[in-house]
Amino acid sequence: MCNFNQQNDQTKALTHLLITKYAQSVGGANFLLGLIEAIKEKKPNALIDSACKVDSKELKISWNKIIFKDKFDVLEDTLRSHKGAEGESFNILNNESQKKKKKILTMVKTLAPLEFKVIIKGPEGGEAFDFKIFEIANEDNVTINPIFVAMFFCSTEFFKKALNYKI
């Protein structure tokens, strides 16, 4: 999932277009990369920070709800178990274990209302873009937003490769 080279061509193109669009909306790739690096500096992970925000020099990302460690652990475990997924829309409920599936559904119900807002700092200010964790969230199918995964779980190298990808 976070290995750009292993993605299929359609997923690479979609990821490139999304990241390029978001980079342009915040003033350029360097501003977005600065935010990604600020997110990566938060330890153990920016998502479980009680402030519900991360600031870089030019941008700020904030979210509307605290993510507790137990839900974060389920999310991280789910992403790790699907790390080989090459398509842009994989169903995280594809799991043989009913117990794990139930944990994932509980986590999805808890985190579905979460909304992330990227805001431009400075005199022009304003909201650049916003996104949610899940693109689709119902009882049978749950897909995670690729921008969410890229921002909080993938490396800065992933972003650079996606930005430089030629369609």
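K71 counts as buried in this predicted model, because its relative accessibility is 18% and the cut-off for buried is under 20%. You'll find K71 in helix α3, which covers residues 69–81. And what does K71 touch, once its neighbours within four places in sequence are left aside? The answer is T106, M107 and T110.

Now for a pair of helices. Two packed helices are described by the angle between their axes and the distance between the axes. Here the pair is α2 and α6, with axes that come within 10 Å and cross at roughly 160°. That makes α2 roughly antiparallel to α6, because angles over 145 degrees count that way. The crossing of the two is right-handed. Here's who takes part on each side:

| Helix | Residues in the helix | Residues making the contact |
|---|---|---|
| α2 | 29–41 | A29, L32, L33, I36, E37 and K40 |
| α6 | 156–164 | T156, F159, K160 and L163 |

Sort the residues of this contact by type and you get 6 nonpolar, 1 polar and 3 charged.

Next, take a look at the largest nonpolar core, which has 57 residues. Which residues have the most contacts inside it? They are I61, F116, F131, F148, M151 and F152.

Not counting residues up to four places away in sequence, M151 touches L32, L35, I36, I39, K40, I61, V118, F131 and F159.

Terms used. Residues numbered from 1 in each chain as written. Predicted model: local features only at pLDDT ≥ 70, side-chain atom pairs only at ≥ 80, totals over all residues. Heavy atoms only, no water. Axes fitted to C-alpha atoms, helices over the stretch in contact; angles between N-to-C directions. Helix = DSSP H or I, 4+ residues; strand = E, 2+ residues; numbered from the N terminus. Parallel < 35°, antiparallel > 145°, perpendicular 65-115°, else oblique. Left-handed = near helix turned anticlockwise from the far one by under 90°. Contact = heavy atoms within 4.5 Å. Nonpolar A, V, L, I, M, F, W, Y, C, P; charged D, E, K, R; others polar. Core = buried A, V, L, I, M, F, W, Y, C linked by side-chain atoms within 4.5 Å. Buried < 20%, exposed > 50% of the residue type's maximum accessible area, 1.4 Å probe, protein only.
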